[in-house]
Amino acid sequence: MRFSLLAAFALILAPVPAAAQDVVLTLTDVEARGGRIVASVNTEAQFFRAAPLQAAQAPGDKAGEVVLTFTDVPPGDYAVMVMHDINDNGQFDMGAMGPLDGWAFSRGTGPIMGMPTFAQHRFTVTEAGAVLTARMFYGDGR
C-alpha cells in the first residue's frame with residue numbers, strides 16, 4: 001500500500017508537458033502578384049536545412065494583410081520563414097538584382113544582406129501560443 005501511495009504522489013507531482021498552442025502570423029504589405037504564399041515554422045535544426053515543423057500557405061493574389069495560423073505548435077524557440085512564390089515553382093527565385101519572389105521572417109528584416117540566421121528571427125512559443133506580425137518584402141523583379 002505504501003508503494004502505491006508513493007507512486008500515485010509521484011504521478012501527481014510529475015511535470016505535465018505543456019500543451020501545444022497556435023502561432024498566428026499576420027503578414028503585412030503583401031502585394032497581389034499571384035502564385036502562393038508559403039510559410040514555415042522551424043526549429044534551429046530545421047532553419048534552412050530540413051523539412052519544417054509545420055507549413056501553411058495562402059493564395060498570393062490578395063494585397064494587404066494575410067493571416068496564417070499554425071496549430072498545435074509545442075512550446076519552444078522557433079523562426080518563421082515566408083516566401084511569396086510568385087511564379088508558383090516551389091523555389092525562391094533570384095535575379096541579377098536580387099530576389100524575384102517576396103519574403104518575410106519572424107522578427108522582421110529588410111533587404112537581404114547575407115544569409116538570414118535563426119538567432120536573428122527566433123521567437124518563443126509559450127503555453128499561450130504566439131502572435132507575430134511580419135512585413136513582406138519584394139525585390140524589383142516584377
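View 1. Buried denotes a relative accessible area under 20%, exposed over 50%, and partly exposed in between (1.4 Å probe, protein chains only). In a regular strand, side chains alternate between the two faces of the sheet. The model is predicted: local features need pLDDT of at least 70, side-chain atom pairs count only at pLDDT 80 or more, and totals for chains, interfaces and linings use all residues. Residues are numbered from 1 along each chain as its sequence is written, and side-chain values use heavy atoms, with hydrogens and water left out.

**View 2. The open sheet S4-S1-S10.** Three strands form an open sheet in the order S4-S1-S10, with mixed pairing. Its edge strands, each pairing on one side only, are S4 (64–73) and S10 (130–135). Neighbouring strands of this sheet are turned by 15 degrees against each other on average, direction ignored. Axes are lines fitted to C-alpha atoms, for helices over the stretch in contact, and angles run from 0 to 180 degrees between N-to-C directions. Strands pair if DSSP finds at least two bridges between them.

**View 3. The two pairings of strand S1.** Strand S1 (residues 21–30) is joined to S4 by 7 bridges, and the two run antiparallel. Within this pairing, Leu 27 has Val 66 in S4 as its bridge partner. With S10, S1 pairs in the parallel sense over 6 bridges; here Val 23 stands opposite Ala 130 of S10.

**View 4. Gln 46 in the loop between S2 and S3.** Gln 46 lies in the loop between strand S2 (36–42) and strand S3 (54–59). With a relative accessible area of 15%, Gln 46 is buried. Leaving aside neighbours within four places in sequence, Gln 46 is in contact with Val 41, Ala 51, Pro 52 and Leu 53. Contact means heavy atoms within 4.5 Å.

**View 5. The protein chain as context for the close-ups.** The protein chain has 2 helices and 10 strands, running α-β-β-β-β-β-β-β-β-α-β-β from the N terminus on. Helices (H or I, at least four residues) and strands (E, at least two) are DSSP runs, numbered from the N terminus. Of its 142 residues, 37% count as buried. Among contacts between residues at least 6 apart in sequence, 71% join residues at least 24 apart. The protein chain exposes about 8300 Å², of which carbon and sulfur atoms supply 59%. Accessible areas come from the Shrake-Rupley method with a 1.4 Å probe; for residues, only the protein chains shown count as cover.
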